[in-house]
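Keep the structure open as you read.

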Amino acid sequence: LQRGRVNTFTQHPHRYWLPLIGLFSGMRLEEMAQLHLSDIRQEGDVWVFDVNSADEKDLKNQSSKRLVPVHPVLIDEFAFLGYFESLKGRGEQRLFPELTKGDYKYGKAVTKWFPRFLDTIGIIEPGLSFHSFRHNFINFCKQNMISETLIMEVVGHKVRGETLGRYGKRYTPAILLSEVVSKVRYDVDLSNAREMRDKLFK
């Protein structure tokens with residue numbers, strides 16, 4: 001691990017957590033960047049990100065309002081709840097208090113930083129951006145034959161049609177966790193990220 005990279009994640013925790021949350025949730029950047037600690041809670045036995053427009057938060061559309069289960073990998077392998085609890089202990093209100101709402105968006109700084117970060121680690125691929133995490137999540141679900149309706153509810157797309165769109169209630173977080181989120185597993189070595197977590201968030 002390079003000292004400079006550890007320092008940048010220590011000073012800017014969002015640079016560590018946002019890519020991981022995006023990879024394992026399919027959430028939009030702004031939905032993650034603007035989260036309050038009160039938006040992370042348990043619905044029954046399931047930890048969720050409560051995506052809403054309360055206070056100063058903004059949503060892309062009405063379908064964006066939803067409960068997204070927190071992936072077990074974030075909890076069990078990356079100790080996300082430990083980071084969450086440490087913020088509560090410091091009296092913080094937001095998940096990423098270091099982010100400010102520049103140009104009306106908390107994620108503005110992230111969209112500028114991420115391409116520079118890719119250059120730093122030697123990843124050069126046309127069209128690659130932070131939004132690619134969302135694409136990757138959705139594509140994994142599609143390639144693994146997960147129901148389109150289930151995918152749409154997790155990622156905040158409108159479910160169309162008279163039967164499911166108008167009459168059908170949303171799936172519970174427990175169903176979304178078991179049938180979508182927990183099934184998303186990548187054949188990628190994340191050991192370096194886990195090692196960095198131990199150095200950053202003891």
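Start where α7 touches α8: R134, F137, I138, C141 and K142 on the α7 side meet I151, V154 and V155 on the α8 side. Sort that contact by residue class and you get 6 nonpolar residues, 2 charged ones and no polar ones. Bear in mind as you look around that this is a predicted model.

So how are these two helices arranged? In general, a pair of packed helices is described by the angle between the axes and the distance between them. Here, α7 covers residues 132-143 and α8 covers residues 148-155, and the two pack at an angle of about 160° with their axes 10 Å apart. An angle over 145 degrees counts as roughly antiparallel, so that is how α7 runs relative to α8. As for the handedness, α7 passes α8 in a right-handed crossing.

Now look at what else α7 packs against. Helix α2, residues 14-25, has an axis that comes within 7 Å of the α7 axis, and the two cross at roughly 25°. That angle makes α2 and α7 roughly parallel to each other, because anything under 35 degrees counts that way. The crossing of α2 and α7 is right-handed.

Which residues make the α2 contact with α7? From α2 come P19, G22, L23, F24 and S25, and they meet F133, N136 and F137 of α7. By class, this contact of α2 with α7 has 5 nonpolar and 3 polar residues, with no charged ones.

Next, the aromatic rings. A search of the whole structure turns up 14 aromatic pairs. One aromatic cluster is formed by Y16, W17, F49, F80, Y83 and F96.

Finally, find R94 and Y106. R94 lies over the face of the Y106 ring, at 3.9 Å from the ring centre.

Technical notes:
Residues are numbered from 1 along each chain as its sequence is written. This is a predicted model: local features need pLDDT of at least 70, side-chain atom pairs count only at pLDDT 80 or more; totals for chains, interfaces and linings use all residues. Side-chain values use heavy atoms; hydrogens and water are left out. Rings of Phe, Tyr and Trp (its six-membered ring) pair if their centres lie within 6.5 Å; planes under 30 degrees apart count as stacked, over 60 as edge-to-face and the rest as tilted. A charge sits over a ring if NZ of Lys or CZ of Arg is within 6 Å of the ring centre and within 35 degrees of the ring normal. Axes are lines fitted to C-alpha atoms, for helices over the stretch in contact, and angles run from 0 to 180 degrees between N-to-C directions. Helices (H or I, at least four residues) and strands (E, at least two) are DSSP runs, numbered from the N terminus. Angles under 35 degrees count as roughly parallel, over 145 as roughly antiparallel, 65 to 115 as roughly perpendicular and the rest as oblique. A crossing is left-handed if the near helix is turned anticlockwise from the far one by less than a right angle, and right-handed if clockwise. Contact means heavy atoms within 4.5 Å. Ala, Val, Leu, Ile, Met, Phe, Trp, Tyr, Cys and Pro count as nonpolar, Asp, Glu, Lys and Arg as charged, and the others, Gly among them, as polar.
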